[in-house]
Amino acid sequence: MTMLAADFSSARRSDWSLPVAMFGAYAAACLFALPQTAFSMAQTWMTSSTYHHGVAVAPLALLMILSRPRIDPATGPLGLVAVAAGAFLWLAGRAAGVALVEQAAFVTLLIAGAWVMFGAGAVKLWALPLLFLYFMVPFGEVLIPALQAFTAKAVAAMLTLVGTGATIDGTFIRTGAGVFEIAEACAGLNFLLAAMMIAWVYASQTLPDVKTRAAFIAVAAAVALSANFLRAFLLVLVATLSDMRFAVGPDHFVVGLVFYALVFAVLFWVGGKMHRPHGVGPEHAPVRARRPWHFSIAAFAFAPIAIASFYAAFVINGGAAIASPPQLSPLSAPGWRLLGGPQNWAPTINADAIEAVTYDRNGERVYVTLGWFERDRPGKEIVNRMNASADGKDWRKIASFKDVVYLFGDAKEIPLEIVAGPERRRLLVATAYWRGDAVYTNKIAFKWAQMKDKLKGVNPEGGVIIIASNYAGEPAEALARIRAFTSDVERFDDWRARMRAAP
């Protein structure tokens, strides 16, 4: 064994065959040990037009790496710390049920593996291409509501500026010709990500220093957002002036392609102005490795991945078989008459058991949907986008805000969503979550508590509570009705006790 280690240590330092083979085996181990994370990332690339670019990220990163000067490989012992950190981050994301964290950790593991297999000198030389790999992660969805709101306000302001009257209702813009929606696909996230990707590659290959590159990427983001505002404005303006004869249907798609081309033309023009012909970035200068290549150090990189995989399987995701769903007891609210569930609206809840009811008091109605989860697990997460107030088809979320509601005996700031349905119907929807004996109105607080418990192997039952009421004028009337109902609702522990006692 000593002779084998000595052979590897004394091998020619310019020999890349063994480091490349070990990194290939390491990447395969990541795929084998964490398959759901890799699959969910790839599935998003294939199914979402916003993230089709994910397929091209790794090949582009490889091309950028190959364009750098050759460096003798050397193992990086400190990279093992990064591998361990990436494995723990993946475990935390798995326990919290946050796919974004899992996927970012997966990419971190790949980058840390490159550090171990090729050395600190190589990672420094390849810093921009390696960081570029984070574009594989389907991130940015959290920005979509804000981008929709900003786009709607910008379009309405520009329409007013040119003398075309416009009013805003959430993500809907009403003009003399009709109603236009700034849908999720029109929010501009795809513009933003594509522009930043192209800017990253261009800056990495042609611009001379960190400040210039960062400025160029920031300019790219600003140009992409501004172009999307202008695109949406022109579409609404032309459709309004032509009484819906132009800028709808195929015209919408063509205008999008034209603006994509304009964005990239502007970016390359700006990049050309920022480029200094004789400027060479520090990572283009040759870097020499300081250490020989050690097989034993490289082999240790596999251990944190295996440990994380086994811990997730037997501690985080372990547990007893699915219990029979309980008979969900409706919340007790004295003074409110209990009716059947609403007929023309229902939230989407991917729970083990669901109960939907209507509460009526003197003609004022509140709709309540309860979802019960035997435990949080992959495919049945309590806080998840599959549990939503609107289905995205007949009903869509158009705005959101927070306000204080008295719920289960406590005043809580709770997220509220306005959803729009057929025939200009509007609902105000409040959502709360529970696990064990605790109630949460903040998703981050819920995920944080869940992560800490599941890392310790604790995973109690939980659920979601969705309370809604319709309105014809302002959301305030629905909010007052929801507050009146929640003030009359029994305490949470009393409801839980009744549910436990149910046969």
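Student: Which residues are linked into a cluster by ring pairs?
Tutor: W16, F23, Y26, F118, W126 and F302 are joined in that way. This is a predicted model, where local features need pLDDT of at least 70 and side-chain atom pairs count only at pLDDT 80 or more, while totals for chains, interfaces and linings use all residues. Residues are numbered from 1 along each chain as its sequence is written, and side-chain values use heavy atoms, with hydrogens and water left out.

Student: What makes two rings a pair?
Tutor: The centres of the rings of Phe, Tyr or Trp (its six-membered ring) must lie within 6.5 Å; planes under 30 degrees apart are stacked, over 60 edge-to-face, and the rest tilted. By that rule there are 20 aromatic pairs.

Student: How do you know that R231 sits over the ring of F191?
Tutor: The test asks for NZ of Lys or CZ of Arg within 6 Å of the ring centre and within 35 degrees of the ring normal. The charged end of R231 is 5.8 Å from the centre of the F191 ring, and R435 lies over the face of F446 at 5.9 Å.

Student: Why is the contact of R94 and E102 called a salt bridge?
Tutor: The name needs a side-chain nitrogen of Lys or Arg within 4 Å of a carboxyl oxygen of Asp or Glu. In R94 and E102 the closest N and O atoms are 3.1 Å apart, so the pair passes. Both R94 and E102 are buried. The whole structure has 16 salt bridges.

Student: What do R426 and D169 tie together?
Tutor: Their side chains meet at 2.7 Å, N to O. R426 lies in strand β9 (426–435) and D169 in strand β1 (167–169), so parts 257 residues apart in sequence are tied together. R426 has 12% relative accessible area and counts as buried, whereas D169, at 34%, is partly exposed.

Student: Are K454 and D376 buried or exposed?
Tutor: K454 has a relative accessible area of 2%, and D376 also has 2%. Both values are under 20%, so both residues are buried. They form a salt bridge too, at 3.2 Å.

Student: Why is L66 called exposed?
Tutor: L66 has 62% relative accessibility, which is over 50% and therefore exposed. L66 is in helix α4 (54–66). Together with L62 and L63, L66 forms a nonpolar surface patch of about 330 Å² accessible area. Areas come from the Shrake-Rupley method with a 1.4 Å probe, and for residues only the protein chains shown count as cover. Patch residues have over 30% relative accessible area and no salt bridge; like charges join within 9 Å, nonpolar side chains (Val, Leu, Ile, Met, Phe, Trp, Tyr) within 5 Å.

Student: What makes the phi of N362 worth a remark?
Tutor: Most residues other than glycine have a negative phi. N362 has a positive phi near 55°, and E423 also has a phi near 55°. N362 sits in the loop between β5 (353–361) and β6, and its 78% relative accessibility makes it exposed. E423 lies in the loop between β8 (410–420) and β9 and is exposed at 77%.

Key: Helix = DSSP H or I, 4+ residues; strand = E, 2+ residues; numbered from the N terminus. Buried < 20%, exposed > 50% of the residue type's maximum accessible area, 1.4 Å probe, protein only.
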